[in-house]
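Me: Hi! Could you walk me through this structure in plain words?
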Amino acid sequence: MRNLFLFIWRNYFIFLFLLLEALCVYLIVQNNNFQRASFVNSSNSISAGILEASANVKEYFYLKDANEKLAKENAELRGKLMVSFAVSLNDIHTSYDTTFHQKYTFTSAKVVNNSTNRRNNYLTLNKGSKQGIKNNMAVITSSGVVGQVKDVTDNFCTVMSLLNSKTTISSKIKKDGSYGPLSWDEGDDLSMATLHDIPTHVRLIPGDTIVTSAYSLTFPENIMIGTVESYVQKSGQYFYTVKVKLSTDFKKLSHVYIVTNIMKDEQEGLEKKSETDGKTSQ
Amino acid sequence: MVNTIGRNIIRFFVLVLVQVLVIKNIELGRFVNPFVYVLFMIVLPFETPKWMLLIIGFVLGLTIDMFYDTMGMHAAACVFIAFVRPSVLNWFSPREGYEFGMQPTIQYLGVPWFLSYSAILIVLHHFVLFFIEVFRFSEFFSTLLRVIISSIFTLLLVVVSQYLFNKKKEEE
């Protein structure tokens with residue numbers, strides 16, 4: 001026993017090194033496996049405070065862009081107001097409340113931290129569980145999809161950006177509805193993503209619009225993702241691989257919307273029930 | 001001695017703030033991510049105890065991790081270069097050894113020595129960091145390219161900051 005201690009003492013440098021590296025690996029693995037707010041990340045109050053102050057300053061540089069975008073969005077929304085329909089569509093006005101019920105609600109949030117130049121990129125937003133934000137909610141801007149909420153603390157949440165090797169979004173081609181998974185592959189730059197598994201009978205034209213599909217529990221249908229840039233059929237495959245030009249400028253994100261799917265629990269519960277029922281009856 | 005410790009503590013905070021507030025926001029594409037804060041590990045005094053190197057590396061890495069949301073990745077890379085630093089210093093030591101009071105800077109040991117010494121530590125740091133971040137070997141060459149290009153930029157910034165820093169010292 002004494003020799004063992006002596007051995008460790010003599011080689012303390014290597015053992016300390018191994019210990020610290022093991023600790024690092026533990027931190028890395030834990031952070032990747034469990035979708036929960038870890039103690040040391042940018043949702044942490046100290047670093048989030050500093051980053052928010054920095055984002056506040058940085059925001060001024062994008063004020064003009066942000067204003068233009070907001071003004072454009074305002075105009076678009078005003079166009080959808082009941083007031084603008086009142087004259088021509090008077091009949092529909094009353095039935096609107098009963099035939100349609102709300103499925104999604106939107107919470108606006110500010111980006112306090114954003115990365116775009118890594119293989120796995122994340123954002124931090126200034127809304128958290130106190131504002132009703134939960135894991136896996138969708139994050140969008142007026143120009144398109146941004147990502148998915150990953151971790152939540154009281155007042156902040158981190159978002160797995162679309163520019164992340166782990167992100168996959170179920171998307172479709174707007175004109176004919178053929179769908180496939182969209183991901184950010186190796187070799188895609190900041191404004192690109194790759195859409196897989198589009199059947200070859202679909203006649204693609206560069207410029208075709210890609211939107212989110214209805215099969216996602218997270219994203220509402222028909223949220224803009226981007227446009228077709230080019231497509232190839234890899235040898236031996238019966239599918240097109242499509243390069244998509246993203247409509248969101250990830251470098252200039254400042255205000256985003258977090259989307260809450262009110263019926264998510266209901267749908268999830270139902271699907272789970274059918275699955276388990278199916279298993280037991282067989 | 002107190003002076004050295006004080007100077008290093010200030011350098012720690014300055015480098016961390018420069019890294020997370022300035023360099024983090026300079027984006028030159030996916031292949032260029034310089035990490036200048038490594039300079040802190042490079043210019044620690046020769047007399048720093050080995051165990052302290054490891055602890056300092058861990059703390060420095062974790063501090064950067066907090067701002068980059070990478071949990072342990074920078075810490076792993078920093079602890080690694082803290083571990084190899086004594087061997088690299090040994091390897092590059094001049095024939096008569098390092099004199100007491102010397103510091104591993106351009107000012108004391110010249111440009112060629114400093115370039116080769118810091119290049120090795122920077123490349124090792126970036127190599128460990130980027131490969132842990134990607135965590136797969138299928139993107140080996142594109143990751144390697146990121147390592148090389150980012151290392152060049154880091155080295156450039158490190159050398160430039162050395163000249164700025166040295167100038168100030170001569171006036172003292």
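Me: In chain B, what share of contacts between residues at least 6 apart in sequence join residues at least 24 apart?
Reply: That share is 71%, where a contact means heavy atoms within 4.5 Å. Keep in mind that this is a predicted model, where local features need pLDDT of at least 70 and side-chain atom pairs count only at pLDDT 80 or more, while totals for chains, interfaces and linings use all residues. Residues are numbered from 1 along each chain as its sequence is written, and chains are lettered from A in the order in which they are written.

Me: And how many helices and strands does chain B have?
Reply: Seven helices and zero strands, with helices being DSSP runs (H or I) of at least four residues and strands (E) of at least two, numbered from the N terminus.

Me: How much of chain B is buried?
Reply: Of its 172 residues, 53% are buried, meaning under 20% relative accessible area with a 1.4 Å probe, protein chains only.

Me: Switching to chain A, which strands make up the closed barrel?
Reply: Its six strands run 6-7-8-11-10-9 with antiparallel pairing; two strands pair if DSSP finds at least two bridges between them.

Me: What joins strand 6 to strand 9 there?
Reply: Three bridges link strand 6 (residues 168-173) and strand 9 (residues 209-212) of chain A, running antiparallel. As for A:Lys172, its bridge partner in strand 9 of chain A is A:Val211.

Terms used:
Heavy atoms only, no water. Buried < 20%, exposed > 50% of the residue type's maximum accessible area, 1.4 Å probe, protein only.
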